[in-house]
Amino acid sequence: ISKLIIFPLTIKQQRSMKINQVAQPEMMKIQKKYRGKRDQASMMKQQEEMQKVYDKYGTSPTGGCATTLIQFPIIMALYYVVRNLEGYPNIPKSAYEFVLGINIQNTPGFKLSIYLIIPLLSAFFQYLSARTSMADMDSDNPAAGMSKNMMLMMPIMSLFMCITLPVGIGIYWTASAVFQWVQQILINNYYNHTNMQKIIEKSREKAA
């Protein structure tokens, strides 16, 4: 439900990423032009020229960051509910159980048990999601290195989070990762069969 609610923001984020990929060759020329120049005048000139490229394509370097931030209040709210299920007398004890007898209030911890399935699945689908999101990224793109780091960091972060927090949080996070992975496949397929020039023109009109 949360993913569907923020889906318009996700589309906006993906559109911004795709447009930035088209604009990247021009950005790389500017970066190459000012490579090694660290004086204030050159750095300001570089930023000015890069901003002109962003304006040309009607985008920005930070387009769509809200989708990541919005999820944390949801996780925090879910955490307090799962941690204090006893405070909700209308919730039956049977609702505490997930498949294979997993209690959603329990924390997996760093020990071998059935509960480790959730953290491992979370890390796996976070990796698939990150890998799919950068499938069309040019390896020469300076942002590719950062994306590769994120592709490794997100699964590790997910693994640690789902091991140290109640299983209910891990189930939500895993389901979110699965949904995000499928969503990314569909979005990539859409943009691979779409006229990017028309999207850029619409983006310029909105920016104007």
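## Length of helix α3

Helices here are DSSP runs of H or I with at least four residues, numbered from the N terminus. After α3 comes G58, whose phi is positive, near 65°.

This is a predicted model, in which local features need pLDDT of at least 70 and side-chain atom pairs count only at pLDDT 80 or more, while totals for chains, interfaces and linings use all residues. Residues are numbered from 1 along each chain as its sequence is written, and side-chain values use heavy atoms, leaving out hydrogens and water.

The buried residues of α3 are S42, Q46, E49, M50, V53, Y54 and Y57, where buried means under 20% relative accessible area and exposed over 50%, with a 1.4 Å probe and protein chains only. They lie on the same side of α3 because they cover an arc of only 145° around the axis. On the other side, Q40, A41, M44, Q47, K52 and D55 are exposed. The cover over the buried residues includes α2 (7-33) and α8 (196-207).

## Packing against α2

Helices α2 and α3 pack at an angle of about 160°, with their axes 10 Å apart. That angle makes α2 roughly antiparallel to α3, a term used for angles over 145 degrees. Contact, meaning heavy atoms within 4.5 Å, involves residues including I19, A23 and I30 of α2 and M50, V53 and Y57 of α3.

Conventions. Helix = DSSP H or I, 4+ residues; strand = E, 2+ residues; numbered from the N terminus. Arc of directions from axis to C-beta. Axes fitted to C-alpha atoms, helices over the stretch in contact; angles between N-to-C directions. Parallel < 35°, antiparallel > 145°, perpendicular 65-115°, else oblique.
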